[in-house]
Amino acid sequence: MLDIQLGQGTVPTLHVENLGERTVLVLDGEQLIGAKQNRTTNRSILLGAKRDTEIPVSCMEQGRWRFDARHFRSAPDHSPSKVRRRAREVESEAVQAQRAPSPEALAGAQGAVWGEIGELSAKLGVRSDTGALDEAYTARRLDLDAWADGFPTVEGQVGLLALTPEGALGLDVIGSQALYERLHQRLLNGYLMDGLDRDALGHGGRKHGPPYRFADQPTSHVDDERWREPVARRFMRKVTGSTRTSAPTVGLGRYSVLTHTVVGGELVDEGRLAHLSAFPVREVRPRRGPGRRV
């Protein structure tokens, strides 16, 4: 059991007390709804039994700093990969600048997180007084539930790799098959929201249904097989070949930042993987200088 202390509160951290006798895994991208502001956790952390921990979070809405509930509740959906990757990019930038990628540095992702949520909500036509990400999920719940039926877990599954013909969206791997089965729906919904976002861009004029398939979705189309396996293999090579840099963590275990070939995080405890998340490195296009149109 977790007790998330409210008090006066701050935006980039939450005080969490693990009241139980067992270690608790908190994944990056979990949505916490309520209190004075909805938050999303922006790093995977192992909370020790009977311990208090300050965990780094980002706000998922703007303009609200008042209680709508005395306690947080866990949302049934993970944040989309485009939101989650922002914290990983902050860590990667710190590593490349030879700064410690500390939990405190993750506060630097807040502006980008708000920007991604605002862009997603606008594309989906979702209106919210505070720009809350949770309201986008509520508005598109029927679509999410319909799509999710096509992605059941398979025997032995411990992770999820989401793909498009253009490349990977992201990867999550959990160190326990039983735990992954409990988390599958949450993680899947986050990637499905990425799919809804792409659909909103007007691919082929589609109004419903994904414009692409995910890696674990069965298909009989040969054309799909032609791109799925090469894209998946290329991304997995990038994950295994990435540079891992140890980073300070507020919980148990060893946390490493994945850089260069991907952006991601890897949490290991006593030689066993707890959680790995990885996202492709975004291409940064140089800004065009002044010039004449041709």
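Predicted model: local features only at pLDDT ≥ 70, side-chain atom pairs only at ≥ 80, totals over all residues.
Author: Local features here need pLDDT of at least 70, side-chain atom pairs count only at pLDDT 80 or more, and totals for chains, interfaces and linings use all residues. Residues are numbered from 1 along each chain as its sequence is written, and side-chain values use heavy atoms, without hydrogens and water.

Reader: What makes a residue part of the lining?
Author: An atom within 4 Å of a point. Among the lining residues are Asp28, Thr40, Ser79, Arg84 and Val113. Helix H1 (81–96) and strand E5 (39–41) each supply at least two. H1 gives the largest share, four residues. Helices (H or I, at least four residues) and strands (E, at least two) are DSSP runs, numbered from the N terminus.

Reader: Which residues make up the largest nonpolar core, and what makes it a core?
Author: A core joins buried Ala, Val, Leu, Ile, Met, Phe, Trp, Tyr and Cys residues through side-chain atoms within 4.5 Å. Buried means under 20% relative accessible area, exposed over 50%, partly exposed in between (1.4 Å probe, protein chains only). The largest core has 41 residues, and Leu192 and Met193 touch the most other members. Helix H5 (residues 177–200) gives the most to this core, eight residues. A second, separate core of twelve residues includes Ala168, Val231, Phe235 and Leu276.

Reader: How do you know that the buried residues of H4 are on the same side?
Author: In helix H4 (residues 141–148), the buried residues are Asp143, Leu144, Trp147 and Ala148. They cover an arc of only 125 degrees around the axis, so they lie on the same side of H4. The arc is that of the directions from the helix axis to the C-beta atoms.

Reader: Why is Lys50 called exposed?
Author: Lys50 has 52% relative accessibility, so it counts as exposed. Lys50 lies in the loop between strand E6 (45–47) and strand E7 (52–59). Its phi is near 55 degrees, a positive value in a residue other than glycine.

Reader: Why is Glu270 called exposed?
Author: Because its relative accessibility is 77%, Glu270 counts as exposed. Glu270 is in the loop between strand E13 (262–269) and strand E14 (272–280). Glu270 also has a positive phi, about 55 degrees, although it is not a glycine.

How values were computed. 1 Å grid on protein atoms, 1.4 Å probe; cavity = no way out; pocket = protein on both sides within 12 Å on 5 of 7 lines; lining within 4 Å.
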